[in-house]
Amino acid sequence: MSFAFAKETVRKAISAHSALGLVCCALLYLICVTGTAIVLYEEWQRFEQLDAPEMSQIEPAAVQRAIENVLESESDGPSTTHLYVHLPTADLPRTTITTDTQAVHVDAQGEVVAPEENAWAEFLLALHYRLNLPALYGMTLVGLFGAMIVALAVSGVVAHPRIFRDAFRLRARRADDVATMDWHNRLAVWTLPFALAISLTGAMIGLFYVSGGGLAAAGYGGDSEAALAPIFGDEPEGDSSPAGIPNAAPALAFMEREYPEVEPYYVILHDPGTAGQHMQIIAEHPRRLIFGEYYAFDAAGDFHGTVGLADGTVGQQLSASTYNLHFGNYGGLPVKIAYILFGIALSVVVATGTFIWLDKRERRGKASTRLRAAWWGLVAGVPAALVLTLVARLVLGNTAPFVAIFWIACVLAVLLPVIAAQRSLSGQSNREVAASAGMRGIEAS
Amino acid sequence: MDAGLLMWLAAVFALTGVAVLRMSWGRATRSTPLNLAGWGALLVGLALADRAAGEWGIAVTVLVIGAAALAALAVAACKPVNRGPRKAPRTAHRGANEIKPRSRSGLLTFTVAGPLALGASLLFALAIRALILFGGGAEADANVAVLATVPIAWPVLAFALLMMSRRADQFAWVLGIAALAAPFLMFQGTTV
């Protein structure tokens, strides 16, 4: 089977594909590699702090005790605007409370045990999410690159008339240009649904500042929260006058009693200790792509309804499905392993794409020694730099300067091979000059 | 039938589909019945997954299809190949880059396919939002349409623009889309 694109269309498509790939390749590769690693976000957190208390579940009364303990520990400081209780899940069987100023693990009785130490996992997430840049610029940049994967996928399909006929042809053992091309095309074809899913969801998340900002400017007087309220619900009017600590225990008991089929994994307290405080419980719905449903409660733990992410409009359900579909956390370890496999494949597609361009360039007689050295440096350097930061985490601890280590290692990984290639070229050139001079000397004598 | 059992059945159809297509595409001559059988098995697998667990089932089954294909590729990668002389790969687009491209500003191409096309895509997405609201659609759906349309419309438009040989065509498409969509900006406050 083959698509009937005209030869000229195919040629233009490959030119467009090459241009897009060249503009994007370096950061796209970084985003693919870090995206592959961040699939194991929860597992990395466990690895970073092996001695944190773990439990398969926690009693509602213990959750309430933990909330009170944490708020008590902050009683002489500024009040937190939000308090998040991460409840134990299969992937991350820990109870962790996060406020505006701290994050602590608690035990099954609700006692604070230790501060959360997951700086490396957070660094990795920030690297993938926003390239360690401020959110506005970083997320937008990553979103733009996500959209470019869509463009590369479309142009790649148009540029490949024998896409199905060759779908199982992989002449890897030739170890030449043909093998590189086969790796690129075959992996690209079979990762196409995955690539489209993660790039569209990634671009949807990353381009929020563009699309959501545009929406807010056009329809909501620039208020982004108002633009999102129809989808994710709105925040009730605040009232900062003092009030008692909200009671999460009845809310959690209500969930157990009324919604036994769902799995609560977050309790969120909004403006705790004020008259305007309220609670939300996020619960996972098994065998759904949505990240969960918001269940709203007042400070006394009385139920006030859901937002509609699980059973609301198509748009709400679609929007709530982007995160899990992107990060691959909707089917336990098997789905995570599949995402890692496809993530590696996609990284190989990006890497080999540039090698194909370099091969073509060299076939046209243009030397690409330094460019090839730089690309090899990046391809090997990004995962190596990630490993280096992980080693730094193990050796230097939670406060290691991961961002500096990673980016310096990446720059060196690109520069050192280029310098080595330059020296090799200079040495070769000197030898040629010497040989030429020697020949002239022989001729003269 | 039990949803779990249906998911396993979906996986079996998915694996069968990949195996049949592997057999079909590996033949010297094209076989329409085998192609249809392969694609049919994949479709049945996806339909069963949808019945068992909706979009979650489809997502998982697509992963099964991809993993099965990668396993088939791993087998292909290990097979010995004829070690002929090293040569340039024969592809449909061989020599495409040897054609001297029409000389034009890369910066302007970048500007047209990048920010201008992104702006036009945003206007297009906002026009879709207005149409959904006009049609009595929910505000949530209309807003999500904006968030979901931009990441699709922009890369497709950018690719289409890069395929165009004439600069005038590029501007005509970008400005045309923007001009057609811009009037809908006046109706962004409309909710039904």
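The model is predicted. Chain A holds 14 helices and eight strands. Its C-alpha atoms fill a box of roughly 105 × 55 × 45 Å, taken along the principal axes. Chain A has 445 residues, and 51% of them count as buried.

Now turn to the charged side chains. The count over all chains comes to 16 salt bridges. Take the one between Arg393(A) and Glu48(A). The side chains meet at 2.5 Å, N to O. Where do Arg393(A) and Glu48(A) lie? Arg393(A) belongs to helix α13 (residues 369–396) of chain A, and Glu48(A) belongs to helix α2, so the pair ties together parts that are 345 residues apart in sequence. Are Arg393(A) and Glu48(A) buried or exposed? Both are buried.

Asp182(A) forms a salt bridge with Arg186(A), and the closest N and O atoms are 3.2 Å apart. Asp182(A) is buried, and Arg186(A) is buried too.

Next, look at Asp166(A) and Arg162(A). Their salt bridge has its closest N and O atoms 2.9 Å apart. The two partners fall into separate classes of accessibility. Asp166(A) has a relative accessibility of 9% and counts as buried, because buried means under 20%. Arg162(A) is at 43%, so it counts as partly exposed. Salt bridges can also join into a network. Glu42(A), Glu43(A), Asp91(A) and Lys336(A) are linked in this way.

Some charged residues form a surface patch instead. Which residues form the negative surface patch? They are Asp223(A), Glu225(A), Asp234(A) and Glu235(A). Find Asp223(A) in the loop between α8 (208–219) and α9 (224–232) of chain A. Asp223(A) has a relative accessible area of 38%, so it is partly exposed.

Aromatic rings come next. The structure holds 26 aromatic pairs over all chains. In one of them, the ring centres of Phe194(A) and Tyr339(A) are 5.1 Å apart. Their planes stand at 85°, so the pair is edge-to-face. The cut-off behind that word is an angle of over 60 degrees. Phe194(A) is part of helix α7 (residues 192–206) of chain A, while Tyr339(A) is part of helix α12 (residues 332–363), so the pair ties together parts that are 145 residues apart in sequence. Both Phe194(A) and Tyr339(A) are buried.

A second pair is made by Phe291(A) and Tyr294(A). Their ring centres are 5.9 Å apart and their planes are at 75°, so this pair is edge-to-face. Phe291(A) is buried, and so is Tyr294(A). Rings can also gather in a cluster. Phe254(A), Tyr259(A), Tyr295(A), Phe297(A) and Phe303(A) form one aromatic cluster.

Is Phe47(A) buried or partly exposed? At 36% relative accessibility, it counts as partly exposed. Phe47(A) and Asn118(A) are 71 residues apart along the chain, and their C-alpha atoms are separated by 8.9 Å.

Last, check the backbone. Most residues other than glycine have a negative phi. Leu131(A) is not a glycine, yet its phi is positive, near 50°. Leu131(A) is in the loop between α4 (119–130) and α5 (135–158) of chain A. Its relative accessibility is 5%, so Leu131(A) counts as buried.

Arg287(A) also has a positive phi, about 55°, although it is not a glycine. Where is Arg287(A) found? It lies in the loop between β6 (278–284) and β7 (293–298) of chain A. Arg287(A) has 37% relative accessibility, so it counts as partly exposed. Leu131(A) and Arg287(A) are thus two loop residues with a positive phi, but Leu131(A) is buried and Arg287(A) is partly exposed.

Notes
Residues are numbered from 1 along each chain as its sequence is written. Chains are lettered from A and ligands numbered from 1 in the order in which they are written. This is a predicted model: local features need pLDDT of at least 70, side-chain atom pairs count only at pLDDT 80 or more; totals for chains, interfaces and linings use all residues. Side-chain values use heavy atoms; hydrogens and water are left out. Patches are made of residues with over 30% relative accessible area and no salt bridge: like charges are joined within 9 Å, nonpolar side chains (Val, Leu, Ile, Met, Phe, Trp, Tyr) within 5 Å. Accessible areas come from the Shrake-Rupley method with a 1.4 Å probe; for residues, only the protein chains shown count as cover. A salt bridge is a side-chain nitrogen of Lys or Arg within 4 Å of a carboxyl oxygen of Asp or Glu. Lys and Arg count as positive and Asp and Glu as negative; His and the chain ends are not counted. The place of a charge is taken as NZ of Lys, CZ of Arg, CG of Asp or CD of Glu. Helices (H or I, at least four residues) and strands (E, at least two) are DSSP runs, numbered from the N terminus. Buried means under 20% relative accessible area, exposed over 50%, partly exposed in between (1.4 Å probe, protein chains only). Rings of Phe, Tyr and Trp (its six-membered ring) pair if their centres lie within 6.5 Å; planes under 30 degrees apart count as stacked, over 60 as edge-to-face and the rest as tilted.
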